[in-house]
Amino acid sequence: MTSHHPAAVIVLAAGEGTRMKSTTPKVLHRIGGRSLLGHALHAARQASPEHLAVVVRHERDRVAEHVAALDPGAVVADQDEVKGTGRACECGLDALPADLEGTVLVTMGDVPLLTGRTLVELTERHEASGAAVTVITAELDDAKSYGRVVRDERGDVVAIMEHKDALAHRAAGDDLAHVVDVREINSGIYAFDAAVLRAALGEVGTDNAQGEKYLTDVIGIARRDGRTVRAHLVEDLWQTEGVNDRVQLAALGKELNRRTVEHWMREGVTVVDPDTTWIDAEVTIGRDTVVRPGTQLLGATTVGEGVVIGPDTTLTDTEVRDGASVVRTQAEAAVIGERATVGPFSYLRPGTVLGAAGKIGGFVETKNARIGDGAKVPHLTYCGDATIGEGANIGAGTIFANYDGVAKHHTTVGRHSFVGSDSVLVAPVEIADGAYVAAGSTIEGRVGPGQIAVARGRQRNVDGWVARRRPGTRTAAAAEEALAQRHTPPTPSPEERP
């Protein structure tokens, strides 16, 4: 094992999170396209541990299922009735090999901005110092409610005191009364020597203000045994911030998004208005792409180089290839080809694949549709369960009638064919290569190569229908006036009068 690879990471995710006031476990709430626990697991894996354990309790099955979906290699450990982070860590350690040796990192499932790089640095500094315990700390202007770091004259950590216990010392006026004013706080993220951690946890009790088994008590036990406890002070306070309620969830989500947007701008992406642009953690974007205001790139969306996206566009799990333009569009699980254009006001549902230089225009909805290279669906169309060949053109107002009330059916439009405006294609139907459909047609059968299909009634005008069927209406009055003008000779101009 190299020095920067811990033997194990234990992620504590057993808490209920009552302040979230939610039926969803706190660690399953999401920011940046991942659950809080998902962020914690991502950071843990970046540290390349030999083992990864997640400790669960509240809504155990839901959280365990989520862990299995995100990281099948992680071990799920169950916390029992004994409360506290110390007991949670002990349960996680019990789920790992009994002969585990080396560095064990302990992190929290509700600290989403912690990075894998920080965990690697923690591991390296912990092992280089020879300490038994190293804790990540931060300095806050207002450390209220946080556990305080108590140091000795050499700067080593003597203890970590919970806020309520610090208040009790202040009330008693004893030698530790000053601890409540300490600004350095415990992040709850540690590096331990595995043997020290296992032995110390066996001694930790619940004699404290909360009646819990504190993980922080391991520090006092290590110190008692003559071992060194170090602190790794981080300047980036956000990496130590946890989520306890919806306000903190939103604040951390906003900060995560700010960092994500800044990352992509530094990678060569133009983001016109970072304040109105949201980019999930899994998204990738190529250079020289322009992201306009009001854009959301969500899920596993991938964007190529030289793309223009937005304004007012939401793409979820969508692939946009080089040189495409996507304007005022919502798309999910779609593929947009090179140099293709989409929008404005387009809706691409799952299964949409638009070929190179193709077009999906204004007020068009597509679903499970493969639209070939250079093909166009420009205006006011519903295109579902369809294959449209290269270079084909679908006229405005066309409806692909894919559902018969029981089952969905497929429509095929061949290469370089033309479907006239206001047509209905009643699936299943095939229009061959190089064919035409006349405007206003309802097509129910096959159209062969080179044919034009005309499926509409011949126009018939019925004189006097309005006067007979709509007497007394404004329409009837307008018609009567127009007819009178048709039968009245025009008045001659003064020059034409005798």
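In the predicted model, Leu12 stands opposite Val55 in strand E4, and in strand E6 the bridge partner of Leu12 is Met108. Leu12 belongs to strand E1, which spans residues 8-12 and pairs in the parallel sense with E4 (residues 51-56) over five bridges. With E6 (residues 103-108), strand E1 likewise forms a parallel pairing over five bridges. E1 is mostly covered, five of its five residues being buried. In a regular strand the side chains alternate between the two faces of the sheet. In E1, Ala8, Ile10 and Leu12 point one way, whereas Val9 and Val11 point the other way, and all are buried.

In an unreviewed UniProt entry, residues 9-139 are listed under "domain: MobA-like NTP transferase".

Two packed helices are described by the angle between their axes and the distance between the axes. For helix H6 (residues 194-201) and helix H7 (residues 217-224), the axes come within 9 Å and cross at roughly 105°. Since an angle of 65 to 115 degrees counts as roughly perpendicular, H6 and H7 are therefore roughly perpendicular to each other. The contact is made by Val196, Leu197, Ala200 and Leu201 in H6, which meet Val218, Ile221 and Ala222 in H7. By class, the residues of the contact of H6 with H7 divide into seven nonpolar, no polar and no charged.

Backbone geometry was examined at several further positions. Most residues other than glycine have a negative phi, and most peptide bonds are trans. A cis peptide bond joins Gly310 and Pro311, with omega of about 10°, and Pro311 is placed in the loop between strand E18 (308-309) and strand E19 (314-316). The peptide bond from Ala427 to Pro428 is also cis, with omega near 0°, and Pro428 lies in the loop between strand E35 (424-426) and strand E36 (429-431).

Positive phi values in residues other than glycine occur at Ala357, where phi is near 60°, and at Asp385, where phi is near 55°. Ala357 is found in the loop between strand E26 (353-354) and strand E27 (359-362), and Ala357 is partly exposed, with a relative accessible area of 37%. Asp385, by contrast, is placed within strand E30 (residues 382-388); because buried means under 20% relative accessible area, Asp385 counts as buried at 8% relative accessibility.

Note on methods
Residues numbered from 1 in each chain as written. Predicted model: local features only at pLDDT ≥ 70, side-chain atom pairs only at ≥ 80, totals over all residues. Heavy atoms only, no water. Axes fitted to C-alpha atoms, helices over the stretch in contact; angles between N-to-C directions. Helix = DSSP H or I, 4+ residues; strand = E, 2+ residues; numbered from the N terminus. Parallel < 35°, antiparallel > 145°, perpendicular 65-115°, else oblique. Contact = heavy atoms within 4.5 Å. Nonpolar A, V, L, I, M, F, W, Y, C, P; charged D, E, K, R; others polar. UniProt positions renumbered as here; feature names shortened; annotations may be inferred. Buried < 20%, exposed > 50% of the residue type's maximum accessible area, 1.4 Å probe, protein only. Pairing = 2+ DSSP bridges.
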